[in-house]
Amino acid sequence: MTKSTAFRVGLYPGTFDPMTNGHVDIIARACKLVDRLVIGVAVNEDKAPLFTLAERVEMVEHECAKLGVATEIIVRPFDTLLMNFAESVGAQIIVRGLRAVADFEYEFAMVGMNQKLNPAIETVFLMADATHQAIASRLVKEIARLQGSVAHFVPPDVERRLRAKLGVP
């Protein structure tokens with residue numbers, strides 16, 4: 001059996017509002033699977049993001065620069081259908097992180113729809129590390145808003161930005 005020399009491109013989409021340690025973990029692990037990882041920062045006004053799109057892109061870029069991986073990482077915003085964006089960046093796989101059964105049920109439905117839109121693009125699920133399974137951006141924002149510590153859930157620079165954005169010490 002010969003080793004494949006195909007250039008593999010993965011896409012990890014998300015809102016990243018804010019970026020969490022769980023996101024960082026999935027990105028680092030996804031880098032083991034692909035030669036180029038495009039991190040798609042979604043425009044999703046339905047989620048009423050706390051951070052602007054530009055702030056979220058910059059946060060993701062900043063945290064990814066610290067990873068020290070050989071994989072090329074590109075961070076790009078997108079406001080189109082996920083499969084259209086995946087096609088535009090040449091992705092062969094979409095990477096999704098799973099924390100719990102509820103995530104799986106939602107993602108399972110999405111995979112079925114995405115396969116109908118483009119059966120050539122596979123979805124790969126990475127289980128959240130046990131230390132990050134409870135982390136959700138929505139909960140991180142709520143804890144920070146109520147002046148609780150989020151130091152275990154987000155990188156230090158993200159915590160600083162989050163507290164500044166919320167105006168809490």
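**Nonpolar cores and helix packing**

In this predicted model, Leu37 contacts Gly10, Leu11, Tyr12, Ile27, Ala30, Cys31, Thr71, Glu72, Ile73 and Ile74, when neighbours within four places in sequence are left aside. Leu37 is also one of the residues with the most contacts inside the largest nonpolar core, together with Ile27, Ile39 and Val60. This core comprises 30 residues. Two or more of its residues come from each of helix H1 (21–30), strand S2 (36–42), helix H2 (53–65), strand S4 (93–98), H5 and H6. Another core, of 13 residues, lies apart from it and includes Ala42, Phe78, Met83 and Ala91. In soluble globular proteins, nonpolar side chains tend to be buried together.

Helix H5 spans residues 137–145 and helix H6 residues 156–166, and their axes are 10 Å apart at an angle of about 60°. The two helices are therefore oblique to each other, and H5 passes H6 in a right-handed crossing. On the H5 side, the contact is formed by Val140, Lys141, Ala144 and Arg145, which meet Leu162, Arg163 and Leu166 of H6. By class, this contact has 4 nonpolar and 3 charged residues, with no polar ones.

Helix H2 contains Ala54. The relative accessibility of Ala54 is 57%, over the 50% cut-off, so this residue counts as exposed. The C-alpha atoms of Ala54 and Ala151 are 23 Å apart in space, and the two residues are separated by 97 residues in sequence.

Methods. Residues numbered from 1 in each chain as written. Predicted model: local features only at pLDDT ≥ 70, side-chain atom pairs only at ≥ 80, totals over all residues. Heavy atoms only, no water. Axes fitted to C-alpha atoms, helices over the stretch in contact; angles between N-to-C directions. Helix = DSSP H or I, 4+ residues; strand = E, 2+ residues; numbered from the N terminus. Parallel < 35°, antiparallel > 145°, perpendicular 65-115°, else oblique. Left-handed = near helix turned anticlockwise from the far one by under 90°. Contact = heavy atoms within 4.5 Å. Nonpolar A, V, L, I, M, F, W, Y, C, P; charged D, E, K, R; others polar. Core = buried A, V, L, I, M, F, W, Y, C linked by side-chain atoms within 4.5 Å. Buried < 20%, exposed > 50% of the residue type's maximum accessible area, 1.4 Å probe, protein only.
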